[in-house]
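Welcome! Please keep the picture open as you read.

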Amino acid sequence: MCLPLLLAGADSMGGEVTYEGIVRPSKVVTLKAPVDEAVDELLVKQADVVEEGQVLARMDSEVQRVIVSLATHLAEDPSPVKIAELRLEDAEIRYRRLQRAFEADAANELEVLAARVARDQASVEVEAAQRQQEQSRLRLDLESGRLEKYTVEAPFRGVVGELSTQAGASLTQDDPMIELIALDPLEASFDLPDTTYGRLAVGDKVTLNAGAPVDRALSAVVDRVVPRIDPGSRTYLVVMRIDNADQRLPSGFVVTLTLDDAPGDPASAARH
């Protein structure tokens, strides 16, 4: 709970009240092992700045690559369909010859019937070969998608926090690997008393005074006002966004927000 710090000389009639908040990362995620496998490469170290989509680690994918290679061969091999088509062509020729022979009284009806059945069976085999090849293509897509999971990528631009593994370690799925912290933007959180509710709105620009090690004024924008007042403390949460594109500001430092202690003052009463 961040309690208000009353400035010297503040009173209930037009004075000023200062509220203390904590600056935190806007995102903190722990990237986990995507598959049950050993870590082949760990490409980052603690405190590295990484970009969205950057490869952070690779799992040992030797077996999966063999599976993909086999799936590729099956998906791209036209031989089964070609063979089935040639058998159908041969069966069709035989059937037509026997049909002409039957019309010339040189073959009996049973022979013609058998040839027609053979042709129809060959036609079904062509369809089966085509379906099998389509299934092989789908299997290739599936296995290629699985291969992509062997690479761990950064979901956003940030800084590497904790590393929970190392190259060569055998992991099970969902074992923690890399903590990634988003420092741009930073978020300043305040527990403000219910007497100030409505004085700050999303989008309002305010100035915060940062403590050590920053020790200077910072511009911030109200990002969200949680419309829930805690019945015990009679406070509600306000979160402000602090731009940190160069990521020079750390997280964890204290900031203060000063408001006029006058009921009904607009959000612009935040001291700049």
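Two strands pair if DSSP finds at least two bridges between them. With that in hand, take E3 and E8: these strands pair in the antiparallel sense over 2 bridges, and the bridge partner of Glu 37 in E8 is Leu 171. Please remember throughout that this is a predicted model.

**The four-stranded open sheet**

- Strands E6, E5, E3 and E8 form an open sheet of 4 strands, in the order E6-E5-E3-E8, with antiparallel pairing.
- Which strands are at the edges of this sheet? The edge strands are E6 (151-153) and E8 (170-171), and each of them pairs on one side only.
- Strand E3 (residues 37-42) also runs antiparallel to strand E5 (residues 55-59), and 3 bridges join the two.
- You can find two of the facing residues yourself: Leu 42 has Ala 57 in E5 as its bridge partner, while Glu 41 stands opposite Arg 58 in E5.
- As a general rule to keep in mind while looking at strands, side chains in a regular strand alternate between the two faces of the sheet.

**Other strand pairs**

- Strand E4 (residues 49-50) pairs with strand E7 (residues 158-163) in the antiparallel sense, over 2 bridges; here Val 50 stands opposite Gly 158 in E7.
- E7 is also joined to E9, by 3 bridges, and the two run antiparallel. Val 159 has Ile 181 in E9 as its bridge partner.
- How many bridges join E10 to strand E11 (residues 217-225)? There are 5 bridges, and these two strands run antiparallel.
- In that pairing, Asn 209 stands opposite Ala 217 in E11.
- E10 and E11 form a hairpin, with 6 residues between the strands. In the turn, Asp 215 has a positive phi of about 55°.

**Ser 61 and helix H1**

- Ser 61 is in the loop between E5 and helix H1 (62-76).
- Is Ser 61 buried or exposed? Its relative accessibility is 9%, so Ser 61 counts as buried.
- Apart from its neighbours within four places in sequence, Ser 61 is in contact with Leu 147 and Tyr 150.
- H1 itself has 15 residues, and it reaches 21 Å from its first C-alpha to its last, close to the 21 Å expected at 1.5 Å a residue.
- The buried residues Gln 64, Val 68, Ala 71 and Ala 75 belong to H1. Because these residues cover an arc of only 65° around the axis, they are on the same side of H1.
- Helix H3 (109-148) is included in what covers the buried residues of H1.

**Helix H2**

- Helix H2 (residues 79-103) has 25 residues and should span 36 Å at 1.5 Å a residue; its end C-alpha atoms are 36 Å apart, so the two values agree.
- Val 81, Ala 84, Ala 91, Tyr 95 and Ala 101 are buried in H2, and the buried residues of H2 pack against H3.
- Tyr 95 has another feature to look for: the charged end of Arg 119 sits over the ring of Tyr 95, 4.5 Å from its centre.
- After H2 comes Asp 105, with a positive phi near 60°.

**The aromatic pair**

- How many aromatic pairs does a search of the whole structure find? The search finds 1 aromatic pair.
- The pair is made by Tyr 197 and Tyr 236: their ring centres are 4.9 Å apart and their planes are at 80°, so the pair is edge-to-face. The cut-off behind that word is an angle over 60 degrees.
- Distant parts of the chain are linked by this pair, with its two residues 39 residues apart. Tyr 197 is in the loop between strand E9 (176-193) and strand E10 (205-210), and Tyr 236 is in strand E12 (residues 235-242).
- Tyr 197 has 40% relative accessibility and so counts as partly exposed, whereas Tyr 236, at 2%, counts as buried.

Notes
Residues are numbered from 1 along each chain as its sequence is written. This is a predicted model: local features need pLDDT of at least 70, side-chain atom pairs count only at pLDDT 80 or more; totals for chains, interfaces and linings use all residues. Side-chain values use heavy atoms; hydrogens and water are left out. Rings of Phe, Tyr and Trp (its six-membered ring) pair if their centres lie within 6.5 Å; planes under 30 degrees apart count as stacked, over 60 as edge-to-face and the rest as tilted. Buried means under 20% relative accessible area, exposed over 50%, partly exposed in between (1.4 Å probe, protein chains only). A charge sits over a ring if NZ of Lys or CZ of Arg is within 6 Å of the ring centre and within 35 degrees of the ring normal. Contact means heavy atoms within 4.5 Å. The expected span of a helix is 1.5 Å times one less than its number of residues. The arc is that of the directions from the helix axis to the C-beta atoms.
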